[in-house]
Amino acid sequence: MKQTLFSATLDNGITVLGEELSGLESVAVAFHAPAGAIHDPQGRCGLATLAGELCLRGAGDRDSRQVVEELEGAGVQWSQAVSTTHTSFSGAMVARQLPDVLPVYADILRRPRLPDDEFEGARQMVLQNLAAIEDDPGHRTMAALRRIHYPSPWGMPTEGLSADVEQLTCANVRGFLGRHLQPRGMIIAIAGRIDWQDFLDRIERLLGDWQGTTAPAVATGPRGPAMRHVPHDAQQTHIALGWSVPPYRDDASYDVTAALSILGGGPSSRLFTEVRERRGLCYSVSAGYQTHRDFAMALCYSGTTAERAQETLDVMLAEIDRLPGSISVDELERVKARARSGLVMQQESSAARAGAIARQWYHVGHVRTLASELDRYDRLDVATVEAALAALPPRDLSVVSLGREPLEVPGGVPA
Amino acid sequence: MAFLHERLDNGLEVIAETTESALSTSVGFFAMTGARDERDDLWGVSHFLEHMVFKGTADLSGDDINRRFDAMGASVNAFTGEEDTVYYAAVLPRQQHEAVDLLARMMRPALREEDFATEKLVILEEIRMYDDQPPFGADDRCRASFFGRHPLGRSVLGSTESIQALPVEAMRDYHRRRYAPGTVVLAASGAVDFPALVESARRLCGDWEPVPAGDRRVPGVPRAPAVGGVERIVRPAAALAYAVRMAAGPAEPDPDRYAAKLLAVVLGDSSGSRLYWALVDPGDAEQASLHHQDFLDAGLFVTQLSCDAADAESLLERMLGIYAEARNQGIDTREVTQARNKLAGRVVLGGERPRRRLFDVGLEWSHSRTYRSVADTLRIVESLTLDDVQRVLSAWAPDGPAATVLAGPGAEGETSA
């Protein structure tokens with residue numbers, strides 16, 4: 001399959017990436033600033049998220065309402081999100097709208113107004129979201145797992161902590177954005193019906209003369225306890241397990257994600273078959289992979305009636321134990337087939353590709369071509385996947401339960 | 001882009017929207033059956049049957065089906081609604097035959113007693129899962145209160161009691177009546193080999209016995225709720241309150257259905273709408289939205305609110321005030337233009353995904369035997385005017401008579417319902 005990729009680096013350190021996708025009318029563009037929640041100072045958890053929200057509330061000569069009206073008037077499906085490492089502003093639209101829309105994003109990045117009279121609304125919006133998360137048991141379970149498993153502050157919730165958000169000021173936000181909303185380390189990605197040279201020229205004009213500084217690196221602290229129970233009065237108990245695996249930039253991550261896919265990736269996976277199909281213990285059960293640049297976590301999740309939660313956990317742990325030495329060729333072929341069609345189908349979505357090329361640049365410093373990724377999946381074999389499983393049973397298993405009663409891990413969890 | 005259509009001798013319709021540039025093929029069986037086709041003693045059977053279809057045929061076990069889909073790298077799933085049950089798979093074009101073959105065989109499931117007993121446990125977990133999360137059943141209760149005895153009042157999942165009481169024979173009978181030519185459409189989108197699709201359908205579905213489809217529409221669709229006023233669901237542990245309010249709106253065949261959707265974008269889209277600026281932007285509500293939902297013979301304007309429990313009633317009043325103000329003082333041309341551009345953007349971006357087109361094309365054909373291309377839909381959206389929106393607003397007031405359900409931590413003295 002023909003693939004047309006572009007990349008450039010501006011003098012001020014901004015990386016610009018592009019992928020042309022034939023047959024599409026749309027483009028998707030995303031600006032990823034290195035202003036993620038990892039930079040929330042202690043006691044100010046939620047600062048990056050509040051800052052990201054306030055950036056949209058007036059930029060350049062537009063007030064808050066005009067920013068949204070200009071984007072939506074052009075039919076842009078826009079979003080703003082704060083992850084652990086980045087604050088991202090994205091938009092997908094019919095390609096001809098792009099030239100009118102780019103100056104809005106440039107103003108959001110370079111000239112956010114950060115008005116005092118919008119601060120309280122933005123803070124209340126962040127607090128409302130935090131209250132809604134209290135009612136989302138699945139989200140809370142995964143957040144608790146990240147919090148105990150990752151070394152501090154990598155596991156802190158990006159959406160913030162209510163007690164901290166209550167204390168934040170508009171001056172905190174201005175200080176944060178001054179330090180972290182910077183060109184150095186920013187990734188801009190575009191995919192779909194693009195004119196690369198025209199796009200690059202526009203980005204150069206809008207952002208090329210933006211000068212900044214480099215923010216200090218984040219010091220990494222200790223991890224949390226191996227087990228946590230979160231009391232929650234509901235019918236179902238939610239279970240999450242995590243352990244350390246190689247990050248995405250490590251070539252062994254392909255073997256690890258293949259193993260995790262066999263464990264809990266598709267309907268023919270071990271967990272789905274044993275926990276749901278065979279025993280009817282739950283509606284949802286899965287295994288997945290979550291990566292930062294320097295470390296990553298394998299994770300398993302299920303939610304089930306309180307009375308059957310211990311059995312569900314026991315079966316999940318037994319399936320993890322059973323995995324090494326038991327991988328079959330057929331299972332691995334199914335993983336390859338799923339990966340191949342997933343990669344090809346991603347080429348039908350401008351937003352998915354804009355996300356993928358930015359993610360790869362952040363993690364490995366270049367964009368992996370579709371051909372090289374397909375080839376890497378083809379080269380997976382049972383021996384390499386088994387080698388990646390040599391670390392099982394996990395030495396640093398973290399276990400979270402959320403529900404009425406705590407659960408037990410037979411033999412305990414190593415501290 | 002082309003639309004192709006064939007009708008088999010037994011009445012099964014096969015349709016496809018083909019796109020030359022597509023990299024994938026999506027195929028699906030659209031069964032025109034759902035919660036509205038159930039009776040009290042069959043409540044929840046459509047959705048339960050959807051699960052059972054994945055548990056195997058006379059020749060294939062459930063594990064066989066899961067393994068075969070994974071082996072072709074398929075993205076496969078199904079969903080059940082009030083009016084439809086849809087099974088679909090997205091695959092690379094060379095897997096079209098394999099995917100259609102498997103889906104077609106699945107349409108004749110074994111419905112084994114032991115699978116039925118195990119899957120019943122999964123359905124009960126699904127019911128508990130939804131009951132544990134917002135809006136804590138307020139949406140189903142509100143639809144029941146709006147529609148009363150009308151078939152659209154029935155929730156898709158059923159209740160714990162109705163699922164526990166359901167015998168496998170009742171499901172087998174329901175399947176015989178509802179999964180026949182005339183009630184099922186085979187649809188495909190993306191890179192489709194249409195002659196091969198028709199050939200697969202003939203070979204695998206050609207011997208399906210036709211069953212008269214019957215008219216599912218019910219005379220006398222309610223314009224006002226069967227149960228008015230505000231009902232409450234108390235969940236002491238809830239952090240926020242969740243309100244759902246349903247008022248009548250244009251039905252699917254009504255030409256005003258698109259104008260109704262545009263009106264909902266103006267008044268209550270999740271960003272940039274009147275409700276957004278009044279309630280969400282200042283942080284008074286976590287969510288305050290309006291959307292239009294249409295069925296074969298009825299439509300709804302659905303208002304949703306989530307906020308601090310102490311504010312729920314006053315904010316609902318404010319939302320109704322915003323609707324009334326729009327009706328009395330009119331809507332601005334600029335608002336309509338912005339909403340129209342948003343809708344048009346959604347049509348174009350959604351139109352690029354074969355999987356998304358499969359649902360649009362398959363459901364439209366199932367319901368009305370009509371086909372609309374992305375360009376056709378775009379033309380309709382772009383032709384909408386301020387007058388269209390104002391007409392819908394005065395004919396179908398979203399602040400008119402409605403059913404309302406409020407779920408949340410509750411006030412002192414209230415007990416769980």
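The area buried between domain 1 of chain A and domain 2 of chain A is about 2900 Å², with 73% of that area coming from carbon and sulfur atoms; buried area here is the accessible area (1.4 Å probe) that two parts lose on being put together, summed over both. Within domain 1 of chain A, the residues Leu145(A), His149(A) and Tyr150(A) lose the most area to domain 2 of chain A, and together they account for 20% of what that side buries. The structure is a predicted model, in which local features need pLDDT of at least 70 and side-chain atom pairs count only at pLDDT 80 or more, while totals for chains, interfaces and linings use all residues. Residues are numbered from 1 along each chain as its sequence is written, chains are lettered from A and ligands numbered from 1 in the order in which they are written, and side-chain values use heavy atoms, with hydrogens and water left out.

The two domains of chain A span residues 4–207 for domain 1 and 227–403 for domain 2, with bounds that come from an automatic or database domain assignment. Their centres, taken over C-alpha atoms, are separated by 28 Å, and the contact between them (heavy atoms within 4.5 Å) takes 34 residues from domain 1 of chain A and 37 residues from domain 2 of chain A. Across this interface the rule finds one salt bridge, defined as a side-chain nitrogen of Lys or Arg within 4 Å of a carboxyl oxygen of Asp or Glu. Seven residue pairs, both residues being at pLDDT 80 or more, are in polar contact across the interface of domain 1 of chain A and domain 2 of chain A; a polar contact is a pair of N or O atoms within 3.5 Å, where within protein one must be able to donate a hydrogen and the other to accept it, and where residues adjacent in sequence count only if both atoms are side-chain atoms. On the side of domain 1 of chain A that touches domain 2 of chain A, helix 5 of chain A gives the most, with eleven residues; helices (H or I, at least four residues) and strands (E, at least two) are DSSP runs, numbered from the N terminus. The residues of that side divide into 18 nonpolar, twelve polar and four charged, where Ala, Val, Leu, Ile, Met, Phe, Trp, Tyr, Cys and Pro count as nonpolar, Asp, Glu, Lys and Arg as charged, and the others, Gly among them, as polar.

Chain B is likewise assigned two domains, namely domain 1 (2–205) and domain 2 (230–408), whose C-alpha centres lie 27 Å apart. The contact draws 42 residues from domain 1 of chain B and 34 residues from domain 2 of chain B. These two domains of chain B bury about 3400 Å² between them, 69% of it on carbon and sulfur atoms, and in domain 1 of chain B the residues Glu17(B), Phe136(B) and Phe146(B) lose the most area to domain 2 of chain B, together 18% of what that side buries. The rule finds five salt bridges across the interface of domain 1 of chain B and domain 2 of chain B. The side chains of Arg36(B) and Asp297(B) also meet in a salt bridge, at 2.9 Å from N to O. Twelve residue pairs, with both residues at pLDDT 80 or more, are in polar contact between domain 1 of chain B and domain 2 of chain B.

Between the chains, 59 residues of chain B are in contact with 61 residues of chain A, and the two chains bury about 5000 Å² between them, 54% of it on carbon and sulfur atoms. Eight salt bridges are found across the interface of chain B and chain A. Arg308(A) and Glu125(B) meet through their side chains in a salt bridge of 3.0 Å, N to O. A further pair, Asp63(B) and Arg278(A), also forms a salt bridge at 3.0 Å, N to O, and this pair crosses from helix 2 of chain B to helix 10 (residues 270–278) of chain A.

The predictor gives the complex an ipTM of 0.94 and a pTM of 0.96. Chain B averages a pLDDT of 95, with 98% of the residues scoring at least 70, where pLDDT is the predictor's confidence in each residue, from 0 to 100. Over residues 412–417 of chain B, however, the pLDDT is below 50. Where pLDDT is low, the predicted coordinates should not be read in detail.
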